[in-house]
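Here are my notes for your first look at this model. Have it open beside you as you go through the points.

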Amino acid sequence: MIAQVFQEVFDTSYDITFRDRLPRLAGCQVSGWLDPVNDRILIRRGLSLEERSITLLHELVHQCYPDWSEEDVESCAVYIYDRLAEEDKAILGFLATDPAETAIAA
Ligand SMILES: [Zn+2]
């Protein structure tokens, strides 16, 4: 399961994009959004690196297991994150970071 979801980090056809604001669900601003219509995963800016990493995993778990409940998806994302090697966490963190935030000013 970990390998399958982590492989999605590399294989996903979704663009990963970043937004300051995402829709609210039940009064809470969501951290991430899987947007199949536009082939993209949205991640909210302003979260910590760990939160963004887990959010990206969360959206990829949705992609792997579309029938799972929100609760199961989140547990799975945290479970995987806790078991990743440091180098895999670094790759995930890189993908879950807005390039605009790390760009060197011209
Ligand atoms: Zn979700």
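1. Let's start with a charge over a ring. The charged end of Arg83 sits over the ring of Tyr79, 3.6 Å from the ring centre. Lys89 does likewise over the face of Tyr81, with 4.7 Å to the centre of that ring. The rule here asks for NZ of Lys or CZ of Arg within 6 Å of the ring centre and within 35 degrees of the ring normal.

2. A word on what you're looking at. This is a predicted model, where local features need pLDDT of at least 70 and side-chain atom pairs count only at pLDDT 80 or more, while totals for chains, interfaces and linings use all residues. Residues are numbered from 1 along each chain as its sequence is written, and side-chain values use heavy atoms, with hydrogens and water left out.

3. His62 is buried, at 17% relative accessible area (buried means under 20%, exposed over 50%, partly exposed in between, with a 1.4 Å probe and protein chains only). His62 also turns up in the lining of the largest pocket, as do His58 and Glu70, among others. That pocket has a volume of about 300 Å³. β4 (32-35), α2 (49-64) and α3 (70-83) each supply at least two lining residues, and α2 gives the most, with four. Helices (H or I, at least four residues) and strands (E, at least two) are DSSP runs, numbered from the N terminus.

4. How many aromatic pairs are there? The count comes to two, taking rings of Phe, Tyr and Trp (its six-membered ring) whose centres lie within 6.5 Å; planes under 30 degrees apart are stacked, over 60 edge-to-face and the rest tilted. Phe6 and Phe10 make an edge-to-face pair, 5.4 Å centre to centre with 85° between the planes. Tyr65 and Trp68 are stacked, at 4.1 Å and 10°.

5. Buried or partly exposed? Phe6 is buried at 9% relative accessibility, while Phe10 is partly exposed at 44%. Both lie in helix α1, four residues apart, about one turn of the helix. In the other pair, Tyr65 is buried at 18% and Trp68 is partly exposed at 31%.

6. Last, have a look at Asp39, in the loop between β4 and β5 (40-44). Its phi is near 55°, a positive value in a residue other than glycine. Asp39 is partly exposed, at 40% relative accessibility.

Terms used: 1 Å grid on protein atoms, 1.4 Å probe; cavity = no way out; pocket = protein on both sides within 12 Å on 5 of 7 lines; lining within 4 Å. Points joined across faces, edges and corners; volume = space filled by probe spheres on them.
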